[in-house]
Amino acid sequence: MNKKNRVCVVGSINMDVVTTTRKMPKQGETVLGKDFRTYPGGKGANQAVAASRLGSDVTLIGAVGDDVFGHDLLTHLSEEGIRTEGITVIPNVPTGVANIILTNNDNRIIVAPGANHHVTPEVVKQHRKLIEQSDVVLLQLEIPLETIAYTVDLAYELGNDIILNPAPFQTLPEHILRKVTYLTPNETEAEAMGLTKLDIDIKHKIVMTLGERGVHFMKDDMMIPAFSVPVVDTTGAGDTFNGAFAHQLANKQPIEQIIRRANAASALSVTKMGAQGGMPTALEVEQFLTMYPKS
């Protein structure tokens, strides 16, 4: 593995099953859909792809089922340049699936975790060397919380930078919050964390994404504006931001530049369909930023 810019993602791997409709169904209502597609997804896999496309050497620790979706996803991740030796194939368990309904640039998502529930601390322990070799460890909350806690403890012990994206939100033990380098909630997740009551040391770790309003880095009370682009599908925007944030952090960039470039990657991601469909390359981000010279 290249000595510089190494990112290890520990997280979920799903197949996204996406239905597009003109009207979001109410309880008990049936509506006709416009389109149906499947796309590679899962917050862990999405963030790994985002970092890989930008040029990071990425390893993904996770699990899939021994089924068609699982084998297709392993092939896809390899084609994206992601190291897959940390991915366990679980027999007699389905690969995780996210059922997504899209309408009017909004989405509703139901996740059936499947094999993601089998990403145990023991799985991470078996792949300790992959974490040792990495500069940044990136986690989300679509795998068991005990695995998150174990991984944070291990990465902290090894001296890794740790990014925790607290999504989908769960209440997190304080010792986890104290050991991570950065927390990247959106506004809803930050509110659920009890932002106003958090200890100042934890609050200063927060990089809060605010959609079209941009990103608030709380330590320096810094607002980094978002970029205005035509929106096709917002499904992967947060994951693109986190993968890009990890990539830039591994490159040892200043925090303002890390966030600005992650914002640019996120903006590009929403211009195409699918959580991974619009995730940009480093060249695409650079070309995009030339249209927005910094004052």
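Reader: Which residues in α10 meet which residues in α11?

Author: In this predicted model, Arg-260, Arg-261, Ala-264, Ala-265, Ala-267 and Leu-268 of α10 meet Glu-284, Val-285, Glu-286, Phe-288 and Leu-289 of α11. By class, this contact divides into seven nonpolar, no polar and four charged residues.

Reader: Why are α10 and α11 called roughly perpendicular to each other?

Author: Their axes cross at roughly 100° and come within 10 Å. Angles of 65 to 115 degrees count as roughly perpendicular. The value falls in that range, and α10 and α11 are therefore roughly perpendicular to each other.

Reader: Which residues make the contact of α1 with α9?

Author: From α1 come Lys-43, Asn-46, Gln-47, Ala-50 and Ala-51, and from α9 come Asp-239, Thr-240, Asn-242, Gly-243, Ala-244 and His-247. The classes here are three nonpolar, six polar and two charged residues. Gly-243 belongs to this contact, and Gly is placed among the polar residues.

Reader: How do α9 and α10 pack, and what is the handedness of their crossing?

Author: α9 and α10 pack at an angle of about 145°, with their axes 8 Å apart. The crossing is right-handed. On the α9 side the contact is made by Ala-237, Thr-240, Phe-241, Ala-244, Phe-245, Gln-248 and Leu-249. On the α10 side the residues include Ile-255, Ile-258, Ile-259 and Arg-261. The contact of α9 with α10 divides into 10 nonpolar, five polar and one charged residues.

Reader: What is the volume of the largest pocket, and which residues are closest to its centre?

Author: The largest pocket has a volume of about 1300 Å³. Of the 47 residues that line this pocket, Asn-186, Thr-234, Thr-235, Ala-237 and Gly-238 are the closest to its centre.

Reader: Which element supplies the largest share of the lining of the largest pocket?

Author: The largest share, five residues, comes from α9. Among the other elements that each supply at least two residues are α1 (43-53), α10 (255-269) and the strands β2 (14-21), β6 (96-103) and β7 (106-112). By class, the lining has 19 nonpolar, 19 polar and nine charged residues.

Reader: What is the omega of the peptide bond from Ala-167 to Pro-168, and is that bond cis or trans?

Author: The omega is near -10°, and the bond is cis. Pro-168 lies in the loop between β9 (161-164) and α6 (174-179).

Reader: What is the phi of Asn-92, and where is this residue found?

Author: Asn-92 has a positive phi of about 60°, although it is not a glycine. Asn-92 is found in the loop between β5 (87-90) and β6.

Conventions. Residues are numbered from 1 along each chain as its sequence is written. This is a predicted model: local features need pLDDT of at least 70, side-chain atom pairs count only at pLDDT 80 or more; totals for chains, interfaces and linings use all residues. Side-chain values use heavy atoms; hydrogens and water are left out. On a 1 Å grid over the protein atoms alone, a cavity is a set of points where a 1.4 Å probe fits but cannot get out, and a pocket is an open set with protein on both sides within 12 Å along at least five of seven lines; lining residues have an atom within 4 Å of a point. Grid points are joined across faces, edges and corners, and a volume is the space filled by probe spheres set on the points. Helices (H or I, at least four residues) and strands (E, at least two) are DSSP runs, numbered from the N terminus. Contact means heavy atoms within 4.5 Å. Axes are lines fitted to C-alpha atoms, for helices over the stretch in contact, and angles run from 0 to 180 degrees between N-to-C directions. Angles under 35 degrees count as roughly parallel, over 145 as roughly antiparallel, 65 to 115 as roughly perpendicular and the rest as oblique. A crossing is left-handed if the near helix is turned anticlockwise from the far one by less than a right angle, and right-handed if clockwise.
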